[in-house]
Amino acid sequence: MSTLNALTVAVEVASRKRDEALRLLQDAQGAQQAAQDQLNQLQGYARETEGRWGMRADAAVQPEVMFHHYHFMGRLDHAAGLQSGVVDDHAQRVALAQQQLRDAEVRLASLRKLLEKRQMEALQAQARRDQKMTDERAALRHRSSAHGH
C-alpha cells in the first residue's frame, strides 16, 4: 500500500507542476500579446505620421523641418525594431513554456498510468488472496465433513 500512497503523492505533485506550467505559459502568452500590441501601436503610429506627412509633401517645407521629421521617423523605426526583438524574445519564452507544459503533461500521464496499473495489480493480488482463503476454507470443510461421516 505504501507504493500506492507514494504514487498518489507523486501524481498530486505532478498535477501541481503541470498546473504551474500552464499558468506560466498563460503568463508568457499574455506578455507576448502585450509586446505585440505595443509593436502594433508603434507601427500604426509610424504609418499615421508618415501619412500625415505625405499629405503635405507637395507643400514647401523648410529643410530643418524635413530633417526633424526624418530624424523622428528614424527613431520611431528604431523603437519598432527594438520592440520587434522584444516580441521575438517573448515568442521564445512561449515556446519554452509550451515545451515545459508538454513535458509536465507527459510526466503526469505516465504517473497516472503507473498508478492505475499498480492499483489494478493490488486488486488482482487481493482477489487471489481472497480466492485462496475461500479455497482453503472449502478444503477444510470438505476434510471435516469427510472425517465426520
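Modeller: Let's start with R23, which is partly exposed, its relative accessible area being 37%. On that scale, buried means under 20% relative accessible area, exposed means over 50%, and partly exposed is whatever falls in between, using a 1.4 Å probe and protein chains only. Keep in mind that this is a predicted model, where local features need pLDDT of at least 70 and side-chain atom pairs count only at pLDDT 80 or more, while totals for chains, interfaces and linings use all residues. Residues are numbered from 1 along each chain as its sequence is written, and side-chain values use heavy atoms, with hydrogens and water left out.

So who does R23 pair up with? One partner is E20: the two form a salt bridge, with their closest N and O atoms 2.5 Å apart. The other is D27, again through a salt bridge, and here the closest N and O atoms are 2.6 Å apart. By salt bridge I mean a side-chain nitrogen of Lys or Arg within 4 Å of a carboxyl oxygen of Asp or Glu. The background idea is simple: side chains of opposite charge can pair when their charged atoms come close.

Now look at where these partners sit. E20 and R23 are both in helix 1 (residues 2-55), three residues apart, which is about one turn of the helix. D27 is in helix 1 too, four residues from R23, again about one turn. Helices here are DSSP runs of H or I with at least four residues, strands are runs of E with at least two, and both are numbered from the N terminus.

R118 is partly exposed at 32%, and E121 is partly exposed at 34%. In total, the structure holds five salt bridges.
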